[in-house]
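Please look through the structure shown below.

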Amino acid sequence: MFRRVEEFLMSMTIIRNGRIIDPANERDEVGDLFIVDGKIAAKAKGSDPEVIDAAGLIVAPGLIDLHVHLREPGFGWKETIESGARAAAAGGFTTIVCMPNTAPAADSPGTIAWIRDRAAEVACVNVLPAGAISKGLMGEELAPIGSLAQAGVVAITDDGRCVQNNELMRRAVEYARMVGVPILDHCQDYDLVGSGVVHEGYWSTLLGLPGWPSAGEEAIVMRNVLLAELCDHQVHCQHISAAGSVRILREARARGVKISGEVCPHHIALTDDAIQNFDTNCKMNPPLRAKEDVAALLEGIADGTLDILCSDHAPHAQFEKEVEFDAAPFGIVGLETELGLFLDLLVHKTKTIELPRLIEIFTVNPARLLGIEAGTLSVDRAADVTLIDPELEWTVDAAAFQSMSRNTPFDGWKLKGRAVRTIVDGKTVWKL
Amino acid sequence: MRWQRKDLLGIRELSAEEIIFLLDTADAFKEVGTREIKKVPALRGKTLVNFFVEPSTRTRTSFEIAAIRLSADVINISASSSSLIKGETLKDTAKILEAYHADLIVLRHSSSGAPQFLAERLKSSVINAGDGAHEHPTQALLDLYTIRAHKGTVAGLHVAIIGDILFSRVARSNIFGLLKLGARVTLVGPSTLVPREFEKLGVTVTHKLDEVLETADVVNLLRIQHERQRKEYFPGIGEYVRLFGLTKERGKRLKPDCLIMHPGPINRGVEIDSELADGTQSVILEQVTNGLAVRMAVLYLCGGIAT
């Protein structure tokens, strides 16, 4: 490859007068951030800088979302790596982890290489693939986890599915420990959940929809605690929805077990009464739960039991969602509403956490869990930066999403706070 | 009152006044069935599609006879003849029915909410003939009609609904209708099929049939649906009969004027003793006859709203 002459010239950007919140470096102050040649710099270098006025804005390390479905390869009518990355940028995310439930499933080094090549070509943010735990996500035989790690996966998961065989899962955790990647687990006991599509409770009873009991999640969270303990390795429980799961995680973490949990915006923004008109944009897995569950999730976020936030961005085409409730696929898009919802709900409305903590949860915590070099504004690191206006009031407009899909229950919601500019490797990839 | 709804999706959204109005309208239609020429021109020139995505003979036949007595033209589409099984979506199939200018669509579907899904998208009237475990409004209306015909009123009565409540759309529609009209409702059945969650709807839940026998004014026995139930829900038919079957002995403890109801089809010797099903307290066949009058009322009222 020949490099263009321009790339040898030094480029500089100064982000002026923003409130720089960099939890990794315990920095929270109003000041200027310097970017030279795509990396964070200690001071200005070169001439003719691009100046970005960040007065009144938060200058944060680029946000990380470790739970995203980009649908490629295989489901390009729902989302592509390119469109999903644009949606991430529009939501303020500079690094996303894409789940392996593609077609083919990301259970081989070849598929991982394809995803990485494709991302390098078309994605405007950093796309890090997760590999499968089991071959074909079938829960029967281990995927080549070591080869996947060498191919560059940052985690392994059968997300969308859950390994039911406890022995297989135990070996997966042990093996993942050897190669140094964390396990992300979609916690669902298939026997307990059966054909459940909504939270088992008042509304499932009233509407006659098959119930998805909280115990179906809690049983697997408990299983994961036991295996994390047995194997002394990190197991991360995805999209926690039930109060009991929070209790189990809190107890285990207090004992030092390497177990963690994440929360999606919809599980705190909505409760199961949202399904009363059979709106398939309120059908997700795990389902929307009861008020007490939402309260427990907020408590878990407040006390640090749940220290990862994510979208579980799950695009589906209109024609796929516009069917009978039982028949509709689970999931909603989330990248472009995630930060707004969490700012609005966690920081402004419920005051569960303060802004610096939210930034920490979106940067340092996922970077540490995945063992990646991201989520800080340290000098010489890649200049991935998100500018956030925490006070900006805006209205969600699904029709204007960068994502190819529109399946959201939040269309028309008025939210306070959002990303206004997203910078990857020193380049603005999106701005409001 | 004036009827305002183009669709009948469930009993839950109806007011007591609307339910009474439907029952009164059914009263007026009941007599048609006893005429020598069993036909009135109320829906002449209208097209009704019986769209049964889930198989049913009784309800489909009942709607068909009701529609014919109102002079509507009736087309039956069942799951086996439907393009749904060729991969067409419910929405597309429905749009095609609308393109044929069908005035009324009677839908039976295995998914809760399917009739609402159609009603939101079509100008035609949509009548719910049973959706998943959600609602079966015309069954509840004919049950209420039958109770009212015998007791004069529904208010103040104690109605026991016995059997598989969890998977029953008949139970849900009955619960909503009975409570709206002022009855007291007790649900009886195994704990696996009558979860306590139902108490939040305003009913009493018990797992002992003997507790209701002497106080019930009506016992409504639901079919135990072998085809739907996985074996985890109860150990077997023998044990079910022992605990929850309306046996001859239990029948003796009922009040003499207690009505015995069943939405059918009956499993003789399971939820109900065969002789009791045919006995003097049984109104099971009246329910079937009343179903025609109630469905005529529903089709007439909703069919008059849709344009």
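A residue is called buried under 20% relative accessible area, exposed over 50% and partly exposed in between, with a 1.4 Å probe and protein chains only. The model is predicted, so local features need pLDDT of at least 70 and side-chain atom pairs pLDDT 80 or more, while totals for chains, interfaces and linings use all residues. Residues are numbered from 1 along each chain as its sequence is written, chains are lettered from A in the order in which they are written, and side-chain values use heavy atoms, without hydrogens and water.

Because B:Arg169 lies in helix 6 of chain B and B:Glu54 in the loop between strand 1 and helix 2, the pair ties together parts 115 residues apart in sequence. Helices (H or I, at least four residues) and strands (E, at least two) are DSSP runs, numbered from the N terminus. B:Arg169 is also buried, at 9% relative accessibility.

B:Glu54 forms a salt bridge with B:Arg108 as well, the closest N and O atoms being 3.9 Å apart. In chain A, A:Lys135 and A:Glu141 form a salt bridge at 3.3 Å between the closest N and O atoms. Here A:Lys135 is partly exposed at 40%, and A:Glu141 is partly exposed at 45%. Over all chains, the search finds 42 salt bridges.

Key
A salt bridge is a side-chain nitrogen of Lys or Arg within 4 Å of a carboxyl oxygen of Asp or Glu.
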